[in-house]
Amino acid sequence: MNTIAGIIMILGALVALLAAAGLHKFASPYARFHAAGKASPVAFLITALGASLSLGLAGTGLLVVASVAMILTLPVGVHLMFRAVHRTTPPTLAVDDLVRAERAARIAAGQDRGDT
Amino acid sequence: MTTVAIVIFVLAAIVATIRLLLGPGLADRIIALDVTLISFMGAVATHAAHTGSTTYLTLLVVLAIIGFTATVSAARFLQHEDPVPTITIDSEPTS
């Protein structure tokens, strides 16, 4: 049983390493938050599963309480961080060049007089 | 077995700490700190399984709630910056 618990805990540690690598892999802040916010609670859940296999009933109770607290709170925190970044980032598309080009092409083709 | 898991957790915490030091913005640093904290929590759970004592497991509950409070307060702090100036889109052709 202890071998199975150890293997499960190593799997959880590898998922945590994946979450930390996702912070370096992606280019935009949203993708980085997505990688961290999805993988890290899964890493803790897998580790808690392995530890509770090895610890018995009293340890399992505390680990379940900790896992429920994390599952309830961590997505909310990551969502609030997404919202803060979205509201404080200036828009990247300042001028729509396509509208200007299409309008100029219509004026050149004589379909638009250009005064509206 | 548990030693290998703790070593991998420490490695994950170091990789996340590099992002914490490099991170281009405040939000990246906060999320990197979150990942570091969760790696630490996993290491605490693994250590409890290694020693067989449930003494430090209460710490996990406290850490989960403290981490949530830190993230929420930092997100609120980020939103209280000056509002972004609105850029009017000029779609008319320049004459």
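Two residues are in contact if their C-beta atoms, placed from the backbone, lie within 7 Å. Helices (H or I, at least four residues) and strands (E, at least two) are DSSP runs, numbered from the N terminus.

This is a predicted model, in which local features need pLDDT of at least 70 and side-chain atom pairs count only at pLDDT 80 or more, while totals for chains, interfaces and linings use all residues. Residues are numbered from 1 along each chain as its sequence is written, and chains are lettered from A and ligands numbered from 1 in the order in which they are written.

**Confidence**

Colour by pLDDT, the predictor's confidence in each residue, from 0 to 100. Chain B averages 86, and 84% of its residues score at least 70. The scores for the model are ipTM 0.79 and pTM 0.78.

**Chain A**

Select chain A. Its secondary structure is four helices and zero strands. The radius of gyration, taken over C-alpha atoms, is 25 Å, well over the 13 Å from the globule rule (2.2 Å times the number of residues to the power 0.38) for 116 residues, so chain A is more spread out than a compact globule. Along the principal axes, the C-alpha atoms fill a box of roughly 80 × 25 × 20 Å. Of the 116 residues, 38% count as buried; a residue is buried if 20 or more other C-beta atoms lie within 10 Å of its own, exposed if 12 or fewer, and partly exposed in between.

**The side facing chain B**

Next, select the residues of chain A that touch chain B: 55 residues of chain A are in contact with 48 of chain B. Helix 3 of chain A gives the largest share of this side, 17 residues. By type, the side divides into 37 nonpolar, 13 polar and five charged residues, where Ala, Val, Leu, Ile, Met, Phe, Trp, Tyr, Cys and Pro count as nonpolar, Asp, Glu, Lys and Arg as charged, and the others, Gly among them, as polar.

**The core**

A nonpolar core is a set of buried Ala, Val, Leu, Ile, Met, Phe, Trp, Tyr and Cys residues joined through C-beta atoms within 7 Å. In the largest one, of 55 residues, Ala16(A) and Ala12(B) touch the most other members. Helix 2 of chain B gives the most to this core, 13 residues. Centre on Ala12(B): not counting residues up to four places away in sequence, Ala12(B) touches Ala13(A), Ala16(A), Leu17(A), Ala20(A) and Ser39(B).

Select helix 2 of chain B. Of its 26 residues, 19 are buried, so this helix is largely enclosed by the rest of the structure. From first C-alpha to last, helix 2 reaches 37 Å. Just after this helix, Gly52(B) takes a positive phi of about 80°.

Move to helix 3 of chain B, where the buried residues are Leu57(B), Leu60(B), Ala64(B), Gly67(B), Thr71(B), Ala74(B) and Ala75(B). What covers them includes helix 3 of chain A together with helix 2 of chain B.

**Last stop: Pro29(A)**

Pro29(A) lies in helix 2 of chain A. With 19 C-beta neighbours inside 10 Å, Pro29(A) counts as partly exposed. Leaving aside neighbours within four places in sequence, Pro29(A) is in contact with Val85(A), Gly25(B), Ala27(B) and Asp28(B). Finally, show the C-alpha atoms of Pro29(A) and Ser67(A): 38 residues apart along the chain, they are separated by 26 Å.

Key: Expected span 1.5 Å × (residues − 1).
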